[in-house]
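Subject: A structure for you to look at

Hi,

Here's the structure I promised to pass on. Have a look at it first, then read on for what turned up.

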Amino acid sequence: LDFYAMQDLQANLSHVAQPWHLNWERLESISPDAGQALAELFAAWCSQAVKLQFEGASHFEKILRDRTPSDDRGVELYWWQLHLDALRIMRLQDEFELAALDFCVIYEVSPPPWEEPQCEYLRQGKPASTSLPDDQLAFDEDISHAYADRRRAATAPTVPMEMDAIPSAVVELTGEVIGDAAEALDKLQFGLRGINRLVISCDRLIRVDFSAAGSILNWVALREAEGCHVQFRDVPRLVAVFFNVIGVNEHARVVLRNR
């Protein structure tokens, strides 16, 4: 797929009735200029009420995964934008969140949050949904398998700690925690007040950026050294995986939000 093929694709789509059916099965590579143009097209589709259907989706996603390795900071950002938007379009939220986590670790920025796209994605003639049971997602089975080991490794340590029967202070992290997290950490520190067990409710937490997560890691490590037991409760899935990657779960318990 090169830049001229992208021009042909966009011209052809303007004359074809929706849903637009794209077959990626014979795709071998994407040139950099085509990748940039495709990233712009996918970003537009995410914000438009178009109807799309892909064939060879797992093959296409593998090509994008190969262009966004988790150990190469030199990759142009449009490849990541294209990969993440493709996962959004195909409603692969779990895979999106793991890819977003790779992105945030490589570039040391906050992981981009999942946002439901405006386009409609048809899977085997039916609208795709992130809530469909696994037996209806066979079309994307290869993609799910590609991420399965990473998902298990990322979420395994997030198990509850039995603190409900033990007197604990309860504080809350809410909204977006960004930067040095000084205000948020002051709130957590105030919640201790001589108590050595702290429950941090994350029920209204939206996201934590890379700098703030580093500050939280240092804080929980110091509290553990002081003999304090800390539990993060109702943590959003992506934040929980993020905490696991940077090591927060080694010093505190991280309990996933169950909804």
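Predicted model: local features only at pLDDT ≥ 70, side-chain atom pairs only at ≥ 80, totals over all residues.

Let's start with helix α4, residues 77-89.

Is α4 mostly covered or mostly open? It's mostly covered, with 11 of its 13 residues buried. Just past the end of α4, R91 has a positive phi of about 60 degrees.

Next, a pair of helices. Two packed helices are described by the angle between their axes and the distance between the axes. For α8 (residues 210-225) and α9 (residues 237-246), the axes come within 11 Å and cross at roughly 60 degrees. That angle is why α8 counts as oblique to α9. The crossing of α8 past α9 is right-handed.

Which residues make the contact? On the α8 side they are F210, A213, G214, I216 and L217, and on the α9 side F242, F243 and I246. Sorted by type, that contact has 7 nonpolar residues, 1 polar and no charged.

One last stop in α8: S211 sits in this helix. S211 has a relative accessible area of 46%, so it is partly exposed. S211 and D180 lie 31 residues apart in sequence, yet their C-alpha atoms are 5.9 Å apart in space.

Cheers

Notes. Residues numbered from 1 in each chain as written. Heavy atoms only, no water. Axes fitted to C-alpha atoms, helices over the stretch in contact; angles between N-to-C directions. Helix = DSSP H or I, 4+ residues; strand = E, 2+ residues; numbered from the N terminus. Parallel < 35°, antiparallel > 145°, perpendicular 65-115°, else oblique. Left-handed = near helix turned anticlockwise from the far one by under 90°. Contact = heavy atoms within 4.5 Å. Nonpolar A, V, L, I, M, F, W, Y, C, P; charged D, E, K, R; others polar. Buried < 20%, exposed > 50% of the residue type's maximum accessible area, 1.4 Å probe, protein only.
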